[in-house]
Amino acid sequence: MKENEFVRQNNQKWSELETSIETGERNPKKISRLFIQITDDLSYARTFYPNRSVREYLNGLSRYLNNDLAHKEKFSFSRVIDFFVTVLPAAMHASRKSMRLSFLVFAACMLLGMLTSLTDKDFAKEILGWSYVEVTEANIKKGKPMAIYESSTELKTFLPILFNNLRV
């Protein structure tokens, strides 16, 4: 498509966006829709008209909107409180069935692991590794059950657990 045709085809929505900017209109759905269309047109213009004024024009519009949207939101402690008081409980309520199911699966697997450990004394050693269990049992006898983690960094602790979980 030639540049003139591209401009003629999209000029109305660009004018609509300019008018929205000039009047200070704050309809989020409309501004969002126009911003998406402008950035789509900008991508097209960058591809087919890289050194033309239409690309610069669209880049300016999208930059203005991006800066305008990014800098309008000020931090508000009340929004944080609102998130924990209203938004998070509503999301938890909406996903209560999935949460309940995942908890039941987790509890069933934990119960299965406990029952298996009670009936087969070597089960934990097979899952966690013989040396890990023996060192941990020795540390428990010394009164320091977490001593196995004291001498290493987080990464040195994380990697063996990761590789063990991948192996299992």
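Rings of Phe, Tyr and Trp (its six-membered ring) pair if their centres lie within 6.5 Å; planes under 30 degrees apart count as stacked, over 60 as edge-to-face and the rest as tilted. This is a predicted model, where local features need pLDDT of at least 70, side-chain atom pairs count only at pLDDT 80 or more, and totals for chains, interfaces and linings use all residues. Residues are numbered from 1 along each chain as its sequence is written, and side-chain values use heavy atoms, with hydrogens and water left out.

**Exercise 1.** Find the aromatic pairs and classify Tyr44 with Tyr49.

*Solution.* Start with the search of the whole structure, which gives seven aromatic pairs. Next, take Tyr44 and Tyr49: their ring centres are 6.1 Å apart and their planes meet at 65°, so this pair is edge-to-face. Then widen the view: Tyr44 and Tyr49 belong to one aromatic cluster with Phe6, Trp14, Phe48 and Tyr57.

**Exercise 2.** Are Tyr44 and Tyr49 buried or partly exposed?

*Solution.* Buried means under 20% relative accessible area, exposed over 50%, and partly exposed in between (1.4 Å probe, protein chains only). Tyr44 has 26%, so it is partly exposed. Tyr49 has 6% and is therefore buried.

**Exercise 3.** Which residues does Val54 contact beyond its neighbours within four places in sequence?

*Solution.* Contact means heavy atoms within 4.5 Å. With those sequence neighbours set aside, Val54 is in contact with Glu3, Phe6, Val7, Trp14, Ala45 and Tyr49.
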